[in-house]
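Here is a short briefing on aromatic rings and the charges over them. Please have the sequence and the model at hand as you read.

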Amino acid sequence: MRKHAGLMCAAAVIALVITSASAQTGKQPPQMTPAQKAEMEAFMKAGTPGAPHQALASSAGSYDLKLRSWQAAGAPAMEETGTATRAMTLDGRVLVEDVSSSAMGSPFTGHGMMGFDNVTGKYWSTWNDSMSTGLMVSEGTCDAQKSCTFIGHWNDPVKKAPVKARMSTRWTSPTVQVFEMYAPGKDGKEFKMMEITYTKK
């Protein structure tokens, strides 16, 4: 990220110097070399929102939530309710989600972000909440029906090691989205640990 920011700053400084020099001399700024032009075009393409970002924007709004979670495979589900708001930020580049609910009888808040990286051609997401001081980072793909599959990691506070999780989302109607999360149990086998049904208001 530092390298990317540095390159962007360097490009901006170069453009500013050229513009300033041409303004003082009254002459046209020198043309960029083919390599400079290609580099600028690459940055512009990487930073321009497209169809994937428009698809993310279509899910902006307010939602009622029904949450189900499991402590282990075969265990009874714990059920909670909550609300969520989604909105685009950074001029249509990133979808921000804020969740308010309860977890095991205690108040719970969560904050997530989701975007599409034009460079990698993949979606990414982050998540952090009031039950942790860590950050979960995920990457995945979505199809034309906006069904998505992500693989992410968070740090287990007991084992002090990363835990791999698999998540999926699908729209069962224009206003209902189902999120599912799978992770290894104590036996190391994957099980469904969470399901959230989002109903758009």
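Tyrosine 63 counts as buried because its relative accessibility is 0%, where buried means under 20% relative accessible area, exposed over 50% and partly exposed in between (1.4 Å probe, protein chains only). This is a predicted model, in which local features need pLDDT of at least 70, side-chain atom pairs count only at pLDDT 80 or more, and totals for chains, interfaces and linings use all residues. Residues are numbered from 1 along each chain as its sequence is written, and side-chain values use heavy atoms, with hydrogens and water left out.

**Aromatic pairs**

- Rings of Phe, Tyr and Trp (its six-membered ring) pair if their centres lie within 6.5 Å; planes under 30 degrees apart count as stacked, over 60 as edge-to-face and the rest as tilted.
- That rule gives two aromatic pairs.
- Tyrosine 63 and tyrosine 198 are edge-to-face, because their planes stand at 85°, with ring centres 5.7 Å apart.
- This pair joins distant parts of the chain, 135 residues apart: tyrosine 63 is in strand E1 (residues 61-69) and tyrosine 198 in strand E10 (residues 190-200); strands are DSSP runs of E, at least two residues, numbered from the N terminus.
- Tyrosine 198 is buried too, at 5% relative accessibility.
- Phenylalanine 116 and tyrosine 123 also pair edge-to-face, at 4.9 Å centre to centre and 65° between the planes.
- Phenylalanine 116 is buried at 16% relative accessibility, and tyrosine 123 is buried at 11%.

**Charges over rings**

- The charged end of arginine 86 sits over the ring of tyrosine 198, 4.4 Å from its centre; this term requires CZ of Arg or NZ of Lys within 6 Å of the ring centre and within 35 degrees of the ring normal.
- Lysine 146 lies over the face of tryptophan 171, 5.1 Å from the ring centre.

Notes:
Helices (H or I, at least four residues) and strands (E, at least two) are DSSP runs, numbered from the N terminus.
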